[in-house]
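Subject: Predicted model for your review

Dear colleague,

Please find the model below, followed by a summary of the side-chain pairings and the chain interface. I would be grateful if you could read the summary with the coordinates open.

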Amino acid sequence: MNRAQMQVHWIFVIAAGSLILIFLIGFAVKYNDLQSAKLDADIARYIDNAINGLKVNEQFKIVQLSEITNLEFGCDDFIVNKNYKHRWPENIVFAPKNLNGDNLIVWAKKFELPFAIDKLIFISEVNSKIYLVDDIYAREFKSYIPSIFNNIEVIDIGALSNLDKSGYKKTKVVAFSNSYNLNFLESDIDIVYIDSDDYAFLSKDLILGKIFSDEESFTCSIEKIYEKSSLVARIYFEKSLYLRDCCSNYRCNYNSISALLRSYDNFMTNKINNNQINIIKEDLVQKNEVLFGNDCRVVF
Amino acid sequence: MRRGEIQIYETILVIFFFVVIFVFGFLFFYKFTLEGIRSDNLDYEEFKSRQLISYIPSMYELRCSSMLAEVECIDLGKISGFKKVSTAYFDIFGYKRVIIKEVYPGNAQDFIIYEKIPVKYKSKEVIASPLSIYSPKDDSYKVAKLIIEWYH
């Protein structure tokens, strides 16, 4: 082989070798992506299963993940490590938009308005701290929250000026009045004001929702609550018609409770103001009690 | 043909066979990985269906309640209402048929509470579990079976 032929030979070998090497590297990268997507899918399914298990009975627990994971909660889904999107539109979840950690604290709580609608899911992370500015409401809401949420603490307003954020990835301060001035807090601390209008707002569970979630997640979950309440009201409306057909007599009249359930459904579908929903809610309970008092089959 | 040219052709041939073997290996590997993912998905779907059989009796949309207290049974008075809104539950149930079958006593009556059957499916699997149903009509409790037909 002469010198020129040797050169052509080596150029050819290097080009072919490089192509094969690039192909192998590409394959390894793709395979690695696939494996990490599989791992993320496993994490997502594990979280979904754990939460569905909790939903069967009202419960709370710490969900331990196999590794530190980034979770991004959307309206109908959550994204694991910015890589795998897991849909769970059936769940009404109150969680921060972003969570990073390997220990999730999850609480499935029954939501009634006035009849049971669904289980609300509250999610927090061990390394995210939530401070409730001390007052009568803060103490009341702290008492509703299971003690497993040891990352939630009532704090005196004075103690906020020298807040120790060490050991926590995220800090949130919740004040139950607009009158608290929290402007002195560092910019990386999330501040949530829950004003007096919110107290009359549907139920205390939704105030808990504000404590646990971000604005976006809260708005979305409220929408889902309206939709679910409307669906459940339609089921109870049909049940009232069923009871009217089978079981009404001079003592048991189901017409008024049917009409109320229809209005309730309309209010929920059209998201008419919350005070009217609260009035209907009380009327429904009262009508149901009357049926019970008259020894009739109750609707709920 | 000179010796140098023969060596170049030899190298081309070796690379060609190497590439062919590698592509075959890659295709096999890809096929096995895809099968693995499909089988994982199927296992997960099956697991979800089994989870559903314990979840359905706890759904407030179907569960018995009296004066806001819950009772461990399915309320027959809620079934017709649930059927009317059942399309909204596709996210939970998916392609399935959910039946409550009365077992004891009386006439064995079937109540289809959800039905969404795919146009095309390879196979159907059935899982069942016993449960208690309450009939407000005659104020009685009966034994029934919750049957989930799962299509894939």
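A salt bridge is taken here as a side-chain nitrogen of Lys or Arg within 4 Å of a carboxyl oxygen of Asp or Glu. By that rule, B:Glu70 and A:Lys110 form a salt bridge, with 2.4 Å between the closest N and O atoms.

Two conventions apply throughout. The model is predicted, with local features requiring pLDDT of at least 70 and side-chain atom pairs counted only at pLDDT 80 or more, whereas totals for chains, interfaces and linings use all residues. Residues are numbered from 1 along each chain as its sequence is written, chains are lettered from A and ligands numbered from 1 in the order in which they are written, and side-chain values use heavy atoms, with hydrogens and water left out.

Interface of chain A and chain B

Chain A contributes 51 residues to the contact and chain B 49 residues, contact meaning heavy atoms within 4.5 Å. About 4300 Å² is buried between the two chains, and carbon and sulfur atoms give 65% of that area. Buried area is the accessible area (1.4 Å probe) that two parts lose on being put together, summed over both. On the side of chain A, the residues that lose the most area to chain B are A:Arg45, A:Ile235 and A:Tyr242, together 14% of what that side buries.

The rule for salt bridges finds six across this interface. There are also 10 residue pairs in polar contact across the interface, both residues being at pLDDT 80 or more. A polar contact is a pair of N or O atoms within 3.5 Å; within protein, one must be able to donate a hydrogen and the other to accept it, and residues adjacent in sequence count only if both atoms are side-chain atoms. The elements of chain A that give two or more residues to the side touching chain B are α1, β3 (84–87), β5, β6, α5 and α7 (274–293). Of these, α1(A) supplies the largest share, 20 residues. Helices (H or I, at least four residues) and strands (E, at least two) are DSSP runs, numbered from the N terminus.

On the other chain, B:Gln51 is placed in helix α1 of chain B. B:Gln51 touches A:Asn49, A:Asn52 and A:Gly53, residues up to four places away in sequence not being counted. B:Gln51 is buried, at 17% relative accessible area. Buried means under 20% relative accessible area, exposed over 50%, and partly exposed in between (1.4 Å probe, protein chains only).

Salt bridges

Over all chains, the structure holds 28 salt bridges. Within chain A, A:Asp205 pairs with A:Lys109, their closest N and O atoms being 2.9 Å apart. This pair links distant parts of the chain, with A:Asp205 in helix α4 (residues 204–212) and A:Lys109 in strand β5, 96 residues apart. Both A:Asp205 and A:Lys109 are buried.

A salt bridge also forms between B:Glu61 and A:Lys228 (2.9 Å, N to O). B:Glu61 lies in the loop between α1 and β1 (63–66) of chain B and A:Lys228 in helix α5 of chain A, so this pair joins two chains. B:Glu61 and A:Lys228 are both buried. The residues A:Lys110, A:Glu112, B:Arg63, B:Glu70 and B:Glu72 are linked in a network of salt bridges.

Aromatic rings

The search of the whole structure finds 31 aromatic pairs over all chains. Rings of Phe, Tyr and Trp (its six-membered ring) pair if their centres lie within 6.5 Å; planes under 30 degrees apart count as stacked, over 60 as edge-to-face and the rest as tilted. A:Phe27 and B:Phe26 form an edge-to-face pair, 4.8 Å centre to centre with 75° between the planes. Because A:Phe27 lies in helix α1 (residues 3–56) of chain A and B:Phe26 in helix α1 (residues 3–55) of chain B, the pair joins two chains. A:Phe27 is partly exposed at 24% relative accessible area, and B:Phe26 is partly exposed at 27%. Both rings belong to one aromatic cluster, formed by A:Phe23, A:Phe27, A:Tyr31, B:Phe18, B:Phe22, B:Phe26 and B:Phe29.

A:Arg45 lies over the face of B:Tyr44, 4.1 Å from the ring centre. The criterion is NZ of Lys or CZ of Arg within 6 Å of the ring centre and within 35 degrees of the ring normal.

Yours sincerely
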